[in-house]
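Open the model in your viewer and keep the selection tool ready. The tour goes from one selection to the next and says what is there.

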Amino acid sequence: MPGTSNQPADLQAKTRLFAVLTILSNVAGNSFLTKGMQQLGGIGNTPAALIGALFHPLVAIGVALLIVWTLTHMALLSWADLSYVMPVTAMGYVVTAFAARVFLGEMVSPARWTGIILVTAGVTLVGRTAAATAGRQQ
């Protein structure tokens, strides 16, 4: 039956919460990073220029949020199957497109929106399955 899981209810809830945190920290982190780098303009590719960019406030916030993303993603992978985590967190692609349109003013083409609809359909199918097929415990 869809949604049936070997996981206890509290682990299922934690898995869903961390999936949301993983998605949101990834979208926000990349959005802040992009906005900060756009404000900086072409910085070149020298190590000093790249390290210097870390001190731009928006870039620093983006990096911090991407560290949160890494940590939540690691935790999520510790108790859910990779074949569940990756498609479910791909919902971040959908949220990213909306964030890019709304916050960064990017134009999103009809072809991209079509792809976003397909990603959403796939995420919906995967989300209806158990997060873990092995009897892992956290």
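This predicted model holds two aromatic pairs. Select Phe18 and Trp79 to see one of them: the ring centres are 5.2 Å apart and the planes stand at 80°, so the pair is edge-to-face. An angle over 60 degrees is what counts as edge-to-face. Now colour the helices. Phe18 belongs to helix α1 (residues 9–40) and Trp79 to helix α3 (residues 57–79), so this pair ties together parts that are 61 residues apart in sequence.

Stay on Trp79. Is Trp79 buried or exposed? Trp79 is buried, because its relative accessible area is 4% and buried means under 20%.

Next, select Phe98 and Trp113. These two form a tilted aromatic pair, with 4.9 Å from centre to centre and 50° between the planes. Phe98 is in helix α5 and Trp113 in helix α6 (residues 110–127); the pair links distant parts of the chain, 15 residues apart.

Move to Thr89, which has its place in helix α4 (residues 82–89). Thr89 counts as buried, at 14% relative accessibility. Which residues does Thr89 touch, not counting those up to four places away in sequence? They are Thr22, Ile23 and Leu76.

Then select Met91, found in helix α5 (residues 91–103). Met91 is partly exposed, with a relative accessible area of 24%. Leaving aside neighbours within four places in sequence, Met91 is in contact with Ile23, Thr120 and Val123. For a distance check, select the C-alpha atoms of Met91 and Gly105: they are 20 Å apart in space and 14 residues apart in sequence.

Finally, clear the selection and show the whole protein. There are six helices and zero strands. The C-alpha atoms fill a box of roughly 50 × 35 × 20 Å along the principal axes. Of the 138 residues, 30% count as buried. The protein exposes about 8,200 Å², and carbon and sulfur atoms supply 72% of that area. Among contacts with a separation of 6 or more, 75% come from residues 24 or more positions apart.

Technical notes. Residues are numbered from 1 along each chain as its sequence is written. This is a predicted model: local features need pLDDT of at least 70, side-chain atom pairs count only at pLDDT 80 or more; totals for chains, interfaces and linings use all residues. Side-chain values use heavy atoms; hydrogens and water are left out. Helices (H or I, at least four residues) and strands (E, at least two) are DSSP runs, numbered from the N terminus. Buried means under 20% relative accessible area, exposed over 50%, partly exposed in between (1.4 Å probe, protein chains only). Contact means heavy atoms within 4.5 Å. Accessible areas come from the Shrake-Rupley method with a 1.4 Å probe; for residues, only the protein chains shown count as cover. Rings of Phe, Tyr and Trp (its six-membered ring) pair if their centres lie within 6.5 Å; planes under 30 degrees apart count as stacked, over 60 as edge-to-face and the rest as tilted.
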